[in-house]
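Welcome, and thanks for opening the viewer. Let us walk through this model together, one selection at a time.

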Amino acid sequence: MNDILFRKICGSYATGVTVITSSFENTDYGFTANSFTSVSINPYLILFCLNKNASSNNALLKGNHFIINILSNSQSEICNQFANNNLSPNERFKGIKTITSKNKIKIILDSISNLSCKVKNIIDGGDHFIYIGEVVDGNLNNDREPLVYHNSMIRKII
Ligand SMILES: Cc1cc2nc3c(=O)[nH]c(=O)nc-3n(C[C@H](O)[C@H](O)[C@H](O)COP(=O)(O)O)c2cc1C
């Protein structure tokens, strides 16, 4: 095994795309993630993996809440904007239509669905942390098609 082969094999697995938002000390944070998956139905648990150097770690740890925004096929620019680590946390939200949740976290409008979660557990995962989240609320707009990530490319289901 080597890094390139490992990345290529993992990238051959098609996923949806999410933006995970959080908030701490009046600053909104968000990053693009395809590592989201459901874990348990009793209780309702989900997980995602986040690079240990990512700017959202502090907000997730201290703010303790986050929202998983599941992107629709009209939101590829939002996917790129929240994956751009040259943008500050505030700049990533520029031009993005949002509403604010009870926990003061931004919900991205026109997504397919979202889950409001509380951090339950953080597990060491090599150069990433594995966040286990307990789901406290959610919304579904089933009339939209998903954004898909496959072989390092954003794709749409036609
Ligand atoms: C489609 C896609 C999926 C991604 N998934 C993840 C992920 O699951 N975990 C992660 O740590 N970074 C992921 N990234 C990279 C982050 O979005 C990017 O590095 C972001 O800039 C990290 O936030 P930071 O700049 O605030 O540290 C993904 C990027 C893209 C384009």
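## The whole chain first

Start with everything shown. For 158 residues, a compact globule would have a radius of gyration near 15 Å, and the protein has 15 Å, which agrees. Keep in mind that this is a predicted model. Along the principal axes, the C-alpha atoms fill a box of roughly 45 × 40 × 35 Å.

Now switch to a cartoon view. You can look for four helices and 12 strands. Of the 158 residues, 28% are buried. Among contacts with a separation of 6 or more, 65% join residues 24 or more positions apart.

## Stop one: the ligand

Select the ligand and the residues around it. Which residues come nearest? They are Ala33, Ser35, Ala54, Ser55 and Asn85, out of 18 residues around the ligand.

Next, colour strand E3 (27–33) and strand E5 (45–51): each supplies at least two residues of the shell around the ligand. E5 gives the most to that shell, with four residues.

Now select E1, E11 and E12. These three strands make an open sheet in the order E1-E11-E12, with antiparallel pairing. Strand E1 (15–16) and strand E12 (153–156) stand at the edges with a single partner strand each, so one side of each has no neighbour in the sheet.

Zoom in on strand E11 (residues 147–150), which pairs with E12 in the antiparallel sense over four bridges. Pick tyrosine 149 and look across: isoleucine 154 in E12 stands opposite.

## Stop three: the nonpolar core

In soluble globular proteins, nonpolar side chains tend to be buried together. Here, the largest nonpolar core has 28 residues. Select Val19, Ile20, Phe48, Phe66, Ile68, Leu71 and Ile78, which have the most contacts inside this core.

Where do the core residues come from? Strand E2 (18–24), E3, E5, helix H2 (56–63), strand E6 (65–70), strand E9 (113–125) and E11 each supply at least two. E6 gives the most to this core, with four residues.

Leaving aside residues up to four places away in sequence, leucine 71 touches Val17, Thr18, Val19, Ile78, Cys79, Ser111 and Leu147.

Key
Residues are numbered from 1 along each chain as its sequence is written. This is a predicted model: local features need pLDDT of at least 70, side-chain atom pairs count only at pLDDT 80 or more; totals for chains, interfaces and linings use all residues. The radius of gyration is taken over C-alpha atoms; the globule rule is 2.2 Å times the number of residues to the power 0.38. A residue is buried if 20 or more other C-beta atoms lie within 10 Å of its own, exposed if 12 or fewer, and partly exposed in between; C-beta atoms are placed from the backbone. Two residues are in contact if their C-beta atoms, placed from the backbone, lie within 7 Å. A residue is near a molecule or strand if its C-beta atom, placed from the backbone, lies within 6 Å of it. Two strands pair if DSSP finds at least two bridges between them. A nonpolar core is a set of buried Ala, Val, Leu, Ile, Met, Phe, Trp, Tyr and Cys residues joined through C-beta atoms within 7 Å.
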